[in-house]
Amino acid sequence: MKKLFIALTLLLILSGCARPNSLPTKKIVMNGQSVLVEVAQTPEARNQGLSGRSSLCSNCGMLFTFGQLDQYTFW
């Protein structure tokens, strides 16, 4: 279930935009495909998300971490 949540979150955010990287990054491999994600682990980073970006590389995304399982909303 947790892997499915992460995969769906990545798919939703892959259409975001690019800005200078100020967040920690991690390489995630899913089904043999590598995705470089910025990790939004603070409330401020999660609130900013991908807002204000005009582009994002084709194998980049953002991973939103919350520390506990729950339902979270995105806008």
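A polar contact is a pair of N or O atoms within 3.5 Å; within protein, one must be able to donate a hydrogen and the other to accept it, and residues adjacent in sequence count only if both atoms are side-chain atoms. This is a predicted model, in which local features need pLDDT of at least 70, side-chain atom pairs count only at pLDDT 80 or more, and totals for chains, interfaces and linings use all residues. Residues are numbered from 1 along each chain as its sequence is written, and side-chain values use heavy atoms, with hydrogens and water left out.

**Confidence**
- The chain has a mean pLDDT (the predictor's confidence in each residue, from 0 to 100) of 82, and 75% of its residues reach 70 or more.
- Over residues 15-19 the pLDDT is below 50, yet this stretch has 17 contacts (heavy atoms within 4.5 Å) in the model beyond near neighbours in sequence.
- Where pLDDT is low, the predicted coordinates should not be read in detail.

**Glu-38**
- Strand β2, residues 33-40, contains Glu-38; strands (E, at least two residues) are DSSP runs, numbered from the N terminus.
- Glu-38 is buried, at 9% relative accessible area; buried means under 20%, exposed over 50%, and partly exposed in between (1.4 Å probe, protein chains only).
- Its side chain makes a polar contact of 2.9 Å with the side chain of Arg-53.

**Disulfide**
- One disulfide (a pair of cysteine sulfur atoms within 2.5 Å) is found in a search of the whole structure.
- Cys-57 and Cys-60 are joined by a disulfide, S to S 1.6 Å, and their link is right-handed, with 85 degrees about the S-S bond.
- Cys-57 is partly exposed at 31% relative accessibility, whereas Cys-60 is buried at 13%.

Definitions and conventions
Helices (H or I, at least four residues) and strands (E, at least two) are DSSP runs, numbered from the N terminus.
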